[in-house]
Amino acid sequence: MTIFIDPAQRIGTISPKLHGQFIEYLGTCINEGIWVGEDSPIPNTKGYRNDVLDALKQLKPPVLRWPGGCYADMYHWRDGIGPREERPVTFNENFGTFEREDNQFGTDEFLQLCEMIGAEPWININLLSGTVQEMKDWMEYCNRAEDTTLSRLRAANGHPEPYNVKYWGIGNEVWAGGGTMTPQTYMDEYRRFASAMPKFTQSVFETSPMYAIASGPDSNKPRESVKWTEDFFTSLSEYRQPPIHGYDMHFYNWNVSDPADTPTEFTREGWNRVISGCLELEDLIVEQAALVRSSIQRVPEPEGPLDSKLTHVDLVLGEWGNWHYSAFTAQPALKQQVTMRDAITTALTLDLLQRHCDVLTMACNAQTVNVLNSLILTEGEDMVITPNYDVFMMYQAHRGARALSIPRQDKETGVYTFASEKDGVITVDLVNASMDAATDVELLFASPVDVVSVRRLEADDPHSCNTPESPDAVRSYQVDAPAETGASHTLSLPAASVTVLTARVL
Ligand code: AHR
């Protein structure tokens with residue numbers, strides 16, 4: 001079989017923010033997973049554990065979403081600022097976490113983590129149990145450059161310069177844990193909060209204003225999510241529009257139909273179910289993007305001379321990842337091992353997000369550490385990098401590149417493909433999602449190229465995973481391929497593998 005790749009056939013530019021991450025006070029995602037505190041015996045820098053910090057610095061997630069998730073609607077930001085020994089102790093029930101929360105990792109710790117790893121912060125405000133004033137104060141604390149009580153408080157807490165946080169989520173899953181609202185009741189709430197967002201004078205906000213993200217649909221309920229989006233935008237269009245820049249759909253690849261299927265023990269049927277499950281997201285993105293676009297077109301011209309017409313809202317995907325059955329009873333809460341099955345779906349998901357870069361601007365993997373589709377797992381002082389981390393690293397070249405129009409799957413071999421081009425370098429992803437069949441593929445470029453590198457992630461057994469005892473059981477490696485020049489290149493793809501080839505156009 002032959003995959004034809006022409007760098008002139010472009011879909012659009014891949015927003016680096018499609019490679020975003022999400023962290024939440026859930027299980028050991030933040031406490032233990034990222035933050036251990038300065039007094040911990042676990043080697044740390046100012047309280048951030050060194051091993052995880054180093055991994056995140058290399059990963060450079062372009063955006064990092066925090067503090068939830070569901071937790072955002074219980075979170076009061078003032079609990080997490082100031083001298084750590086004076087911070088209140090609260091109780092965290094989020095998804096069965098059931099722990100005291102001593103609020104040692106708060107706004108400054110999060111935003112300074114973002115600075116250290118080169119991520120843009122996305123803060124989700126507390127819409128459910130918080131107030132408009134609380135949200136406004138949080139924004140003032142983070143962003144006010146002028147001398148005010150809240151900017152002085154930030155300075156007293158160690159950060160005189162404003163953090164210039166651009167991305168603000170106004171509600172999370174408001175159809176479930178975020179209030180079990182209807183689109184209409186949410187719209188009433190959204191209007192109050194979003195229209196109260198303060199404005200800041202820094203030049204960075206002149207070119208790129210604060211960005212309000214509305215809670216979008218539960219994409220795991222396709223019928224309901226169509227109605228949700230239609231009703232939300234109908235409510236929005238009826239009267240004057242509050243600021244709205246992003247619309248946040250969530251999608252989990254639920255693998256909950258077979259209790260015997262665990263993250264590491266699964267049959268071929270379980271393998272196939274999870275692989276095909278992740279691909280359902282593709283149609284949902286296309287559908288939601290079309291609905292958002294057509295809904296906005298129906299927004300009437302404003303009557304008043306001072307109102308401007310809403311012309312565009314970005315579609316974003318604030319949470320995605322595999323959710324296996326055992327996560328519900330896992331301790332720490334929602335912690336899952338990660339095998340090649342998850343790595344394959346991570347690769348396929350990133351490929352489909354990139355393929356729809358013309359309609360999708362931002363996406364966050366749920367979650368970075370110790371929860372669901374993790375990139376990093378910790379256990380006390382041990383830490384392992386999961387195969388998902390390798391996929392994100394292998395895919396870094398796609399950030400900011402132009403997605404190319406090639407078929408998503410080769411019909412003959414079943415191999416899934418994606419390609420992008422940047423500065424004359426073409427990067428091709430080849431995902432062999434078969435659990436046990438190796439195959440050959442021929443890449444035929446529109447003109448001769450130099451193959452620069454071939455990198456691969458595979459495992460002896462698709463059930464393999466990385467553990468403290470065997471941290472590198474599944475690790476990507478450089479394929480020892482001869483440097484080749486020409487238009488045609490043939491590759492052998494092992495079963496259950498992700499291969500990334502880079503080639504320079506001559
Ligand atoms: O990622 C875990 C939870 O899943 C999040 O808190 C919530 O938004 C979603 O339901």
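Guide: Let's begin with helices α5 and α7, which are oblique to each other; angles under 35 degrees count as roughly parallel, over 145 as roughly antiparallel, 65 to 115 as roughly perpendicular, and the rest as oblique. This is a predicted model, in which local features need pLDDT of at least 70, side-chain atom pairs count only at pLDDT 80 or more, and totals for chains, interfaces and linings use all residues. Residues are numbered from 1 along each chain as its sequence is written.

Helix α5 covers residues 183-194 and α7 covers residues 222-238. Their axes cross at roughly 45 degrees and come within 9 Å (lines fitted to C-alpha atoms over the stretch in contact, with angles from 0 to 180 degrees between N-to-C directions). The crossing of α5 past α7 is right-handed, meaning that the near helix is turned clockwise from the far one by less than a right angle. On the α5 side, P183, Q184 and M187 make the contact, and they meet W228, D231, F232, S235 and L236 of α7. Two residues are in contact if their C-beta atoms, placed from the backbone, lie within 7 Å. Sorted by class, this meeting place has five nonpolar, two polar and one charged residues; Ala, Val, Leu, Ile, Met, Phe, Trp, Tyr, Cys and Pro count as nonpolar, Asp, Glu, Lys and Arg as charged, and the others, Gly among them, as polar. An α-helix has 3.6 residues a turn, so residues three or four places apart point the same way.

Helix α3 (residues 132-143) and helix α4 (residues 149-156) have axes that come within 8 Å and cross at roughly 55 degrees. That angle makes α3 oblique to α4, and α3 passes α4 in a right-handed crossing. Here D137, E140 and Y141 in α3 meet L150, L153 and R154 in α4. By class, this contact has three nonpolar, no polar and three charged residues.

Now step back to the whole protein. Its secondary structure comes to 10 helices and 23 strands (DSSP runs numbered from the N terminus, H or I of at least four residues for helices and E of at least two for strands). The C-alpha trace spans about 65 × 60 × 45 Å along its principal axes. Buried residues make up 50% of the 506 residues; buried means 20 or more other C-beta atoms within 10 Å of the residue's own, exposed means 12 or fewer, and partly exposed lies in between, with C-beta atoms placed from the backbone. Of the contacts with a separation of 6 or more, 77% join residues 24 or more positions apart.

Helix α10 (residues 387-394) shows what burial looks like: seven of its eight residues are buried, so α10 is largely enclosed by the rest of the structure. The buried ones are P387, N388, Y389, D390, V391, F392 and M394. Their cover includes the helices α1 (50-59) and α9 (340-355), along with the strands β15 (376-379), β16 (382-385), β20 (439-457) and β23 (497-505).

Strand β13 (residues 314-324) holds L315, which is buried, with 24 other C-beta atoms within 10 Å. Leaving aside neighbours within four places in sequence, L315 is in contact with Y247, M249, Q288, A289, V292, V359 and L360. By contrast, Q337 is 22 residues from L315 along the chain, and their C-alpha atoms are separated by 30 Å.

A8, in the loop between β1 (2-5) and β2 (10-13), is exposed, with 10 other C-beta atoms within 10 Å. Although A8 and A446 are 438 residues apart in sequence, they are 8.8 Å apart in space, C-alpha to C-alpha. K46 lies in the loop between β4 (44-45) and β5 (48-49) and has a phi near 50 degrees, a positive value in a residue other than glycine. L372, in the loop between β14 (360-366) and β15, also has phi near 50 degrees. K46 is exposed, with 12 other C-beta atoms within 10 Å, whereas L372 counts as buried, with 29 C-beta neighbours inside 10 Å.

Finally, visit the loop between β6 (63-66) and β7 (90-92), where P67 sits. The peptide bond from W66 to P67 is cis, with omega near 0 degrees. G69 lies in the loop between β6 and β7 too, and a cis peptide bond joins G68 and G69, with omega about 15 degrees.
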